[in-house]
Amino acid sequence: MIIYMNMFINFYMLIILIFISVAYFTILERKILGYIQERKGPNKVGILGIFQPFSDAIKLFLKEYFYISKSNFIYFYFSPIMAMFMLFLMWIFYPMGMKMFFNMEYSMLILLCLMSLNSYVIMMSGWSSKSNYPMLGVLRGVAQVLSYEVSLIFMFFSISLLIESFNMYMFFKFQYNFKFFYMLYFMMLMFILSFLAELNRIPFDFIEGESELVSGFNTEYYGIGFAMLFLSEYMSIIFFCFLFIEMFFGFMSKIMFIFLMMMVMLLIIIIRGAFPRYRYDKLMDMSWNILLPFSMLIYLIINIYKFYMFM
């Protein structure tokens with residue numbers, strides 16, 4: 001009983017630390033984008049603007065919430081809660097002292113199921129708004145997320161075939177002496193492109209294209225609803241950075257693990273500041289004609305390698 005209590009206390013502490021990480025990740029992003037665009041980032045609230053995320057959070061959570069008469073009330077308010085709940089479930093796979101909170105045999109399959117539910121959140125939030133711009137964002141978003149999930153699944157299965165397990169803890173254990181970073185370098189680059197599209201980040205942010213869709217699927221959200229969608233988006237960015245390190249670098253010291261996560265997060269921010277938005281038809285073409293065939297080819301090569309190795 002004491003072991004389970006400690007586990008849940010550690011998990012709640014992790015959630016609190018994730019919220020703090022999201023707060024300072026947003027201000028880091030705004031500061032770096034400010035330097036890239038030759039302007040000042042947040043610098044008024046607190047010393048060098050370090051309290052800006054907390055003032056933004058207080059402003060959003062204290063805003064009055066109006067009822068949109070034409071919206072589907074239940075789905076409209078339920079979708080931000082569902083987005084947060086799914087991200088909380090994903091974080092149970094975070095290592096604590098290089099051990100998972102819940103060391104499940106098929107944890108990778110559970111994670112893929114949770115990732116696929118993201119398209120339902122986008123679909124519910126846009127459809128329930130009963131507005132044209134969110135619906136256009138939904139149509140784009142569902143096609144984009146589902147397309148890139150196919151290649152992502154092949155990448156996950158390629159690594160699971162190498163380690164011969166669906167247990168995510170084995171990703172760490174297997175890479176104790178040898179890193180997949182060296183062996184699967186090109187697949188790592190494909191993984192970065194795929195999870196940028198999965199996270200709706202620039203240059204693949206067609207779901208929230210401000211220049212043509214106002215704000216995309218979350219146009220009608222404000223206050224606490226927008227804050228929950230915003231938090232879930234940045235929590236998923238941090239989680240995918242952890243997942244990237246786990247898949248291609250595996251076991252390492254805690255300091256090195258955090259350093260690599262910071263480097264990947266900085267890379268995502270720099271990509272946002274350095275690259276313009278991609279064209280939607282080219283995005284879908286890259287998914288089905290480039291990433292999917294190459295991910296299937298890598299999966300086939302690993303299958304052949306495993307077959308001849310055990311002959």
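First, the ground rules. The model is predicted, so local features need pLDDT of at least 70 and side-chain atom pairs count only at pLDDT 80 or more, while totals for chains, interfaces and linings use all residues. Residues are numbered from 1 along each chain as its sequence is written, and side-chain values use heavy atoms, with hydrogens and water left out.

Now the layout. Domain 1 covers 1–62, and domain 2 covers 71–310. Those bounds come from an automatic or database domain assignment. Taken over C-alpha atoms, the domain centres are 21 Å apart.

Next, the interface. How many residues of domain 1 are in contact with domain 2? The count is 18, against 26 residues of domain 2. Contact here means heavy atoms within 4.5 Å. The two domains bury about 2,200 Å² between them. Carbon and sulfur atoms carry 89% of that. Buried area is the accessible area (1.4 Å probe) that two parts lose on being put together, summed over both. In domain 1, Phe25, Glu29 and Leu60 lose the most area to domain 2. Together they make up 26% of what that side buries.

A salt bridge is a side-chain nitrogen of Lys or Arg within 4 Å of a carboxyl oxygen of Asp or Glu. The whole structure holds four. Take Glu29 and Arg201: their side chains meet in a salt bridge at 2.5 Å, N to O. This pair links distant parts of the chain, 172 residues apart. Glu29 sits in helix α1, and Arg201 in the loop between α9 (185–198) and α10 (210–213).

Which elements build the domain 1 side? Both α1 (2–36) and α2 (52–62) supply at least two residues each. α1 gives the most, with 16 residues. By type, that side divides into 14 nonpolar, three polar and one charged. Ala, Val, Leu, Ile, Met, Phe, Trp, Tyr, Cys and Pro count as nonpolar, Asp, Glu, Lys and Arg as charged, and the others, Gly among them, as polar.

Last, the record. The unreviewed UniProt entry places "transmembrane region" features at several spans, including 6–25, 178–197 and 287–308. Such annotations may be inferred rather than shown by experiment. In the model, residues 178–197 are 85% helix and 0% strand, with end C-alpha atoms 29 Å apart. Residues 287–308 are 100% helix and 0% strand, and the end C-alpha atoms lie 30 Å apart. Helices (H or I, at least four residues) and strands (E, at least two) are DSSP runs, numbered from the N terminus.
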